[in-house]
Structure formats: structure tokens, C-alpha cells
Amino acid sequence: MDQPIILDRLLKHSRKDMVSFHVPGHKSGKIYDRFNYKNFTGQLLSIDITEIPGTDNLHAPEEMIKKAQEKAARFYKADHTFFLVDGTSCGIIAMLMAVANPGDKVIVPRDCHKSVIHGLILGNITPVYIQPEVWVEKGISMGIRPETVEQALKEYPEAKAVLITYPNYYGICSDIEAIATIVHKYDKILLVDEAHGAHFNLSDLLPMSALEAGADIVAQSTHKTLPAFTQASMLHVRSQRIDVNRLKVMLAMQQSTSPSYLLMASLDLARTIAEAEGKFLMNQLLGHIETLKNQIMESEKIKILDHTTVASYGVKAVDPTKLVIDMTALGIQGTVLEELLRTKYHIQMELANINVAVAVATIGNERKDFDRLAHALMTIKDGKGIVHRHVETPLYSYQLPKMKLTPRQSIYMEKSAVDFADSSGKISGEYLIPYPPGIPIVCPGEEITTEVIEYIKTLKKNGIQIVGLEDTTLQKIKVIEL
């Protein structure tokens, strides 16, 4: 019999002694060693079932799924909670289509996840982009200022809603409470992509949750920062402004008609663990993080982003469980640091850009994980054989590209391939997305500039993957001729 390729590769990876500072939040199942309820991990195949008598139905829940969602709603202080088995992306698309009709405008930040753009395309919704503050020297998207949101609402009073990413991929949190107040002052709806903030209600030392701040509807990736299986997320509603019946219709359109009971069970288990032990585990985690910072404090050349580092840029708070590590003062790029940690020290980070490497720490991590990370960082700092060089950060203005066509219009238009290097002034027919974190630099329908070309080429040269293009070598890009 032929050998299964993916399974063999996954099994090989599972045998490595890797420390997980990446998603999912259960950290290779380690947290289930402590909370292996009724030995469920040994019974996964036997409980991988479908809608049969006694198992309820996600799209018309009446019994166990309904009760589990109601418990989650009480835990998150929501009016309604919906389990998502197709990731937070399907929740984001559904909530956009639930609050806006075709042709409507929605105010969205330029650093939104690509799923937001997909929602705009599917709903035929026109984006009004607002620009977050940017720490240009580090290439990090920062906060959205409340006054930026208010200005957009004044200029586009016809906009139906505002969508905010909170926190962003680097743990940066805008003043979501002030933004909610402004949005509701103009009688609009606040949607929040809180993919990386499902844990915020576990400690007063963490940023305020979006629901607590006054958001109307919030999508969370439970699998990223809590112990749920990959792709298992939740959507919370806490507002009379949301037509819940319409939202259910949109969710049914976006989610599989064969929902995974393993994913739903993991959501219920993640909520159970978080509700029963989450505050204790989070207190432990924050202690481990503080110990790590103390261990590396002796070196001024290792920086970990915190609120004192970014006391401006529209930042209200920084999630301390996101460890944004900067060793550029030692001439070590973020991409190089990520590779060193992975290949020499068996520590897998979540992402890296030219300047920083990012670790996602969750209640699934243990003290020994942080000790290994601290040891690795200090060894790298003093290590021999490492190529240290001045890090040239490509400067980028982060000006909003000119939108010549809406995302929806551009998807259906004829496209032709041209040399990427010669595409300045043309209308892109494809995405240019550095991944991770999956934030578009250019979307279909927007004008390509010389600055964009040079920036993308530099990112790729420095090991950043660029997705969204048919030609992965970046020699060609498809454009639209009007």
C-alpha cells in the first residue's frame, strides 16, 4: 500500500521535541494531559460522528449544542454565542453580510485580515479603509485612533458599520472602548475581529475584552489562545442592533453542512477548562512570562515589546501573552531568529518579520517552555557562528492604495499577466499579502505603485512569504486593464 504523505509528515513532526510558541492554544495537546476528561484523547475516532439521533444539529440546535453555546454565552457575557467549525473567517464573513446589504459601505482598517476582504467580496460591500498607526522602523501595524474612526464616520455617514481588529497579530490593542462609544454615537454597529483575544476575560492584567468594551458582535479564534482544536472558533453577539435571525442565515451559508463534532466538543471543553481553571492558569502563565523577562533583562540588546515601548501610536494596551522579540540591536533579523530557534533549539515561533519574531503563549504552555526560550535567547545573544549584520528595514509609507475598482468588481474582470517589476501604475488583479500575518498590502482593484513593488521584493528577499499570487516566484502579477 502506498504511504499517506500528510499523515506521515505530521507523525514525524509529532515525534520532535518541539516547544510550541505557536497556535493552536492546546500546545500539541499538552494541556489535555492535565485535563484529559474521561480519556477523550484516546477516543477521538469513535466520537468523530455526524448528525444522528441524540447528537443535535449545529444549524438548528435544540439540545446539547444549544446548551453548550448557552454556557459559552454566559461565560463571555454575550446575549448569543455561536460555535464556528470553519474558523473565525466564516464568522467574520457572516457578520459582515448580516449587517450590510449589497452596495453598502463598511469602515474597515487597512490591516484587516484577508477574510474581511473575502466578506466584502461575497457580500458586495464597499470598503472605506482607515489607516492604523504604523511603527515604520519596525514594520509593525499599531493602533487605530478613535479620532480616525470618527473622521471616517463624518465623511461617510452612509456607512452601516465599523470593523476593528482587536488585538492585532502583535498583541496591539486600540482604545476599543472609546471607539465603541464613537460608533454608537453615530448609531452604527461595531464589529470586532478578536481572533487573538479569546483569553482576555481570564485576567484583569490583560486588555479589556471587546464585548466588555461595548462591541456589538465579536468573532474569536478559540483555537488560537485557548485549548480548542484548530479551526474551532466562536461568534458572540451582545447587542439589540444585530438581526440574529439574519446572522443565523449567513452562518448557515458559510459553514459546512457536515460540521465536525470533534471541533464542537473541543470548543465546549475549552470553555469548561477556561471557566473552571482559566484564571488560575492565566495567573501562572503571566508569572512565567514575567520570569522570562527578568531572565533576559540583563541584556539590553534583547527587547520584548510592551506598553512602555509603544506608549503612542494609538495603542491603548498590549497583550503580554504575545511575546514580540526584537534582537535587531545584535544584527539578528526576526526571520533569522525564528529559524535559529526552530532549527537549533527546537522552539517553534508563530511568525517573524524582518525585525521581530513573535511567540504566542497560552495557558497550555509550561514553565519549562519559557526556561528553554530564555536559555536559547541568551545563547543566541552570546553565540558564535551566527551571522550578525545590520538590519536594513525597508521603509514603507503605508499610504492607502488608490482603489480603482471594488474588491467584488475586480474579482470578475478579465486579467492579464505582466512583469511584476514593471507593474507600477497598473490595477492589481491579485492580492499581495505578506504571510503571516495575512494583512494585504494590495488588494484586487487597487493601484500598484513603485513603492509597493520595491517593498514586496525586499520582504521576499528577506524570507517573508508573499501569498495571493498565481506566480509564487513573484516574476509576474495579473492586472486589470480598464
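Reply: Across the interface of domain 1 and domain 3 the rule finds one salt bridge, a term for a side-chain nitrogen of Lys or Arg within 4 Å of a carboxyl oxygen of Asp or Glu. Arg 110 and Glu 446 form a salt bridge, with their closest N and O atoms 2.6 Å apart. This is a predicted model, in which local features need pLDDT of at least 70 and side-chain atom pairs count only at pLDDT 80 or more, while totals for chains, interfaces and linings use all residues. Residues are numbered from 1 along each chain as its sequence is written, and side-chain values use heavy atoms, with hydrogens and water left out.

Four residue pairs are in polar contact between domain 1 and domain 3, both residues being at pLDDT 80 or more. A polar contact is a pair of N or O atoms within 3.5 Å; within protein, one must be able to donate a hydrogen and the other to accept it, and residues adjacent in sequence count only if both atoms are side-chain atoms. On the side of domain 1 that touches domain 3, helix 5 (114-123) and strand 4 (126-130) each supply at least two residues. Helix 5 gives the most to that side, with five residues. Helices (H or I, at least four residues) and strands (E, at least two) are DSSP runs, numbered from the N terminus.

The protein is divided into domain 1 (44-271), domain 2 (278-382) and domain 3 (407-480), with bounds that come from an automatic or database domain assignment. In domain 1, 13 residues are in contact with 14 residues of domain 3, contact meaning heavy atoms within 4.5 Å. The C-alpha centres of these two domains, domain 1 and domain 3, lie 27 Å apart.

The size of an interface is often given as the accessible area lost when the parts come together. Domain 1 and domain 3 bury about 1300 Å² between them, with 62% of it on carbon and sulfur atoms. Buried area is the accessible area (1.4 Å probe) that two parts lose on being put together, summed over both.
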